[in-house]
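Dear colleague,

I am passing on the structure we spoke of, together with some notes on one helix and on the nonpolar cores. Please read the notes with the model open beside them.

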Amino acid sequence: MNQTDTIAAIATASGRGAIGIIRLSGPGAIAAVEGVFRPAGGTPLSGRPPRSLVLGTVTDGAGRVLDSALATFSPGPGSYTGEDTAELHCHGSPVVLGLVLEALFAQGARQAGPGEFTRRAFLNGKLDLAQSEAIIDLIDAETPAAAHQAAGQLTGALSRRVEEIYRALVDLMAHFHAVLDYPDEDIDPLGAAEMESALALAAGNIRRLLSTYRRGQMLSQGLPCAIVGRPNAGKSSLLNALLGYDRAIVTPIAGTTRDTIEERLTLGGVLLRLIDTAGMRESQDQVEQLGVERSRAAARRASLVLAVVDGSRPLEEEDREALALAAAAPMCIVVRNKTDLPLCPQDFSPLPPGTPVVEVSSLTGEGLDQLELAIEELIPQEGEGEAGALLTNARQADAARRAGECVERAQAALAAGVTPDAVLTDVEEALSALGELTGRSVREDVVSTIFRRFCVGK
């Protein structure tokens with residue numbers, strides 16, 4: 001993509017609305033807008049104070065009025081992209097916005113690609129890579145906690161955390177090279193104890209940063225939550241009750257669900273990727289048995305397992321298998337379903353002590369609020385001061401992991417008596433990996449992949 005082009009795109013969501021915004025960026029942004037915009041009062045847009053809204057009309061190349069709109073411009077570098085930018089705030093008709101966009105193309109602008117505005121902001125030093133990724137996370141946020149995390153990352157919380165580790169390692173290398181390059185200066189040599197202390201501090205900080213990935217991934221992608229149990233325990237009924245509509249087919253016939261069904265739902269302030277599974281039982285039906293195997297695999301991959309049992313019947317072998325799968329998960333909740341029927345005694349003692357047991361009726365909805373409360377209590381909420389400082393995707397976690405491995409190699413080399421220059425080779429690799437988090441040392445193909453996630457106009 002040519003950075004000297006002037007780009008334009010509709011920046012608001014598709015469909016009709018009260019307002020539709022068209023955004024431009026590049027050296028010809030102001031000229032393109034002035035080519036289609038006639039301000040009330042006659043003073044051209046470039047003659048008005050920057051970042052002020054100006055009322056006027058938008059016309060096409062034939063002089064036909066397309067809309068009454070507001071226009072604004074922000075000269076670079078004091079803009080979002082660091083370039084000259086402009087916006088037209090039109091009425092939110094898709095037809096009108098399309099016509100205005102065509103008029104701007106006739107003035108020399110071209111259609112912006114996905115994420116091209118934010119990519120220019122990154123390339124022009126207005127945002128680092130972690131902040132850029134936070135923008136699409138903020139747009140995609142499905143819970144308040146996810147929005148708080150993305151907003152904090154956008155304002156630099158993660159970048160500052162990474163920068164602290166980065167600067168400490170840079171200072172370590174700078175000290176060593178200062179002694180090496182300026183032997184006549186009165187600079188104390190870098191001792192092994194000092195290096196060991198600095199490396200230990202960096203290693204600990206990187207480990208703590210990596211430990212945030214699980215929660216960050218949960219906020220951005222949702223927590224995998226498998227619903228397991230024997231046939232007709234009420235798994236699909238529970239899924240439907242939680243969603244509020246009939247997503248899964250429910251019949252009295254055992255084995256109705258033969259494959260996994262996944263839906264996203266916010267419950268207890270937590271975004272869950274709910275996975276309804278086939279009932280646990282041995283079957284001669286190859287299709288059903290394949291579904292059962294998928295159920296077991298889903299439970300093994302899940303971070304939270306809801307083990308559903310029919311509270312009106314004694315536990316059977318299939319129930320015990322479901323409970324065993326739940327007990328092996330990082331988190332589990334036993335759901336005693338069918339409280340609208342008389343309940344019978346059930347023993348859950350093989351489960352870990354303190355395992356929540358919630359009684360619900362998928363038929364009447366009774367107890368669903370208690371299930372939501374149990375999930376909320378089971379999953380830790382945002383800790384003080386951590387919003388925005390979490391790793392939220394696999395790319396970030398991989399870079400932090402490699403940085404940690406490099407620092408650990410440097411620690412091992414130092415302990416083995418290797419010379420400081422060789423130790424610092426691993427430190428340099430750690431700095432390169434940390435640089436990938438914020439974009440100091442990231443490859444072009446990685447940058448392209450990141451910005452392909454964005455919508456056009458952002």
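The notes below take the helix and then the cores.

Please keep in mind that this is a predicted model. Helix H2 runs over residues 94-106, and its 13 residues reach 18 Å from the first C-alpha to the last, close to the 18 Å expected at 1.5 Å a residue. Within H2, the residues Val-96, Leu-97, Val-100, Leu-101, Ala-103 and Leu-104 are buried, and because they cover an arc of only 155° around the axis, they lie on the same side of H2. Val-95, Glu-102 and Ala-106, by contrast, are exposed on the other side of the helix. After H2 comes Gly-108, which has a positive phi, near 110°.

Turning to the cores, the largest nonpolar core has 34 residues, and those with the most contacts inside it are Leu-169, Leu-199, Leu-209, Val-407, Val-427 and Leu-434. Two or more residues of this core come from each of helix H6 (157-181), helix H7 (192-210), helix H13 (394-415) and helix H14 (420-438), and H13 gives the most, with nine residues. If residues up to four places away in sequence are not counted, Val-407 touches Leu-169, Leu-199, Ala-202, Ala-203, Ile-206 and Ala-430. Apart from this core lies another, of 32 residues, among them Ala-146, Ile-261, Leu-267 and Ile-333.

With best wishes

Methods: Residues numbered from 1 in each chain as written. Predicted model: local features only at pLDDT ≥ 70, side-chain atom pairs only at ≥ 80, totals over all residues. Heavy atoms only, no water. Helix = DSSP H or I, 4+ residues; strand = E, 2+ residues; numbered from the N terminus. Expected span 1.5 Å × (residues − 1). Buried < 20%, exposed > 50% of the residue type's maximum accessible area, 1.4 Å probe, protein only. Arc of directions from axis to C-beta. Core = buried A, V, L, I, M, F, W, Y, C linked by side-chain atoms within 4.5 Å. Contact = heavy atoms within 4.5 Å.
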